[in-house]
Amino acid sequence: MSAELARSLEAMGIRSPRVLDAVARLDRARFVRPELRHAAEGDHPLPIGFGQTISQPFVVAYMTERLGLSGNERVLEVGTGSGYQTALLAMLARTVHSVEIIPELSERARKVLVEELALGNASLRVGDGAQGWPEAGPFDRILVTAAGPEVPPALIEQLAPGGRMILPVGLDAEGQVLRAVDRREDGSVSESDLLPVRFVPLTHGHGGGVLG
Ligand code: SAH
């Protein structure tokens, strides 16, 4: 359990009781390698292999809070990674569909989410998340956990009216910003920047090129 982590996130400004409660109930140590488990309660990103990281808990909690989940939403996540953020989304929304480009990470996350935690409302797939998951959309909320140079057009298309997407945008790690994209009921879209961040790049599925 991560009650200590939830307390420190509250001290850092996370206010949503639902988000803090989910953080407290979810053991972050399950999502990191055994030799790093002692560090799992700290507010740091940690390596998860393949050059990727489990995101910093404050940023995970902040993004989740900004999604404003009431429990009824269909959520798309891009960048399953360790599956930690996926688990929080599954605890706070109706369903979560999560796309990861590295097959080994998706498989490891599946073991924790499905076999260990029995989160039956989480669906995982391997692929380029910049294309979204068209057959499962539209989505009420979209969360992207890797940074590209722009908001992927396919994700805007899969955002339902009244929906909100949170994603890091920016080419280099120094210049990224966390952005909120809202689709109003009339279909129009507005964007606002929330906070400077540092995420791993969103990569291309085919050809292995790095976008950001
Ligand atoms: N929320 C995750 C973050 C992992 S880091 C966690 O806290 O564990 C971002 C993840 O995005 C990495 O696992 C990386 O492999 C993945 N990723 C990068 N580009 C992607 C793409 N185009 N489609 C899907 N996943 C991608």
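Guide: The ligand takes up the space of the largest pocket (on a 1 Å grid over the protein atoms alone, an open set of points with protein on both sides within 12 Å along at least five of seven lines). Strand S2 (52-54) and S4 are the elements that give two or more residues to the shell around the ligand; strands here are DSSP E runs of at least two residues, numbered from the N terminus. S2 has the largest share of that shell, three residues.

A word on the basis: this is a predicted model, where local features need pLDDT of at least 70, side-chain atom pairs count only at pLDDT 80 or more, and totals for chains, interfaces and linings use all residues. Residues are numbered from 1 along each chain as its sequence is written, and side-chain values use heavy atoms, with hydrogens and water left out.

Back to the shell: 24 residues are around the ligand, and Ser 82, Glu 100, Asp 128, Gly 129 and Thr 203 come nearest (a residue counts if one of its heavy atoms lies within 4 Å). Now the polar contacts, meaning pairs of N or O atoms within 3.5 Å. A side-chain N or O atom of Ser 82 is 2.6 Å from a ligand oxygen, and a polar backbone atom of Ser 55 is 3.0 Å from an oxygen of the ligand. On the nitrogen side, a ligand nitrogen is 3.5 Å from an N or O atom in the Thr 145 side chain. As for cover, the protein hides 99% of the 570 Å² of accessible area that the ligand has on its own (Shrake-Rupley method, 1.4 Å probe).

Technical notes:
A polar contact is a pair of N or O atoms within 3.5 Å; within protein, one must be able to donate a hydrogen and the other to accept it, and residues adjacent in sequence count only if both atoms are side-chain atoms. On a 1 Å grid over the protein atoms alone, a cavity is a set of points where a 1.4 Å probe fits but cannot get out, and a pocket is an open set with protein on both sides within 12 Å along at least five of seven lines; lining residues have an atom within 4 Å of a point. A molecule sits in a cavity or pocket if more than half of its atoms lie within 2 Å of its grid points. Helices (H or I, at least four residues) and strands (E, at least two) are DSSP runs, numbered from the N terminus.
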